[in-house]
Each structure stands twice: as structure tokens, then as C-alpha cells.
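Student: I would like to go through this model term by term. Please set each label against its cut-off.

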Amino acid sequence: MPTDDRDWVLEAAAAVPGVHGAHHLIDPPTGNGLSITFFEDTAAAQARQAIETIYQVVRHA
């Protein structure tokens, strides 16, 4: 995942109906990245065809 300014990606994700937020994480030594998006509900998540795996939140703070 590129480490340059990617705020536009987060802003675009936040503009999608049903999206409550997104985070991009990166492992600096390897450059491997992970994106996590928070949706209003399961239906909103399933409406996004690019999602390969949907995890259910069982605990949060």
C-alpha cells in the first residue's frame, strides 16, 4: 500500500451511503496494508461488491 497522502480515499469511502468510517493500516517494514471499513449494518456492507470478507464485531470499546 502506498504511503503517500491517501486522505482522498478515506473521504471517498465516507461519502458512500451506509459507511461510517474507514481506516488504512500499513506494516512499514513490509509495505503490506489492510483497509477496514465500518458500515451502518450488514446490508450496507453486502451492498459493496468489492468486499471479500465481512467480519462481525463482537466487542468494542
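Tutor: Start with pairing: two strands pair if DSSP finds at least two bridges between them. Helices (H or I, at least four residues) and strands (E, at least two) are DSSP runs, numbered from the N terminus. Valine 19 stands opposite phenylalanine 39 in β2. This is a predicted model: local features need pLDDT of at least 70, side-chain atom pairs count only at pLDDT 80 or more, and totals for chains, interfaces and linings use all residues. Residues are numbered from 1 along each chain as its sequence is written, and side-chain values use heavy atoms, leaving out hydrogens and water.

Student: How do you know that strand β1 and β2 pair?

Tutor: Pairing takes at least two bridges. Seven bridges join β1 (residues 19-26) to β2, so the two strands pair. They run antiparallel. Isoleucine 26 stands opposite glycine 33 in β2.

Student: What lies between the strands of the hairpin?

Tutor: Six residues. In this hairpin, glycine 31 takes a positive phi near 80°.

Student: Which pattern does the protein chain follow along the sequence?

Tutor: The pattern is α-β-β-α. That comes to two helices and two strands.

Student: Why is isoleucine 36 called partly exposed?

Tutor: Buried means under 20% relative accessible area, exposed over 50%, and partly exposed in between (1.4 Å probe, protein chains only). Isoleucine 36 has a relative accessible area of 32%. Isoleucine 36 is found in strand β2.

Student: What makes tyrosine 55 exposed?

Tutor: Its relative accessible area is 72%. The cut-off is over 50%, so tyrosine 55 counts as exposed. Tyrosine 55 lies in the segment after α2 (42-46). From threonine 42 it is 13 residues away in sequence and 9.5 Å away in space, C-alpha to C-alpha.

Student: How much of the protein chain is buried?

Tutor: Buried residues make up 11% of the 61 residues.

Student: Which residues form the nonpolar patch on the surface?

Tutor: Leu25, Leu34, Ile36 and Phe38. Patch residues have over 30% relative accessible area and no salt bridge; nonpolar side chains (Val, Leu, Ile, Met, Phe, Trp, Tyr) are joined within 5 Å, like charges within 9 Å. A salt bridge is a side-chain nitrogen of Lys or Arg within 4 Å of a carboxyl oxygen of Asp or Glu. The largest share of the patch, three residues, comes from strand β2 (residues 33-39).

Key:
Areas by Shrake-Rupley, 256 points an atom, 1.4 Å probe, with all protein chains shown as cover.
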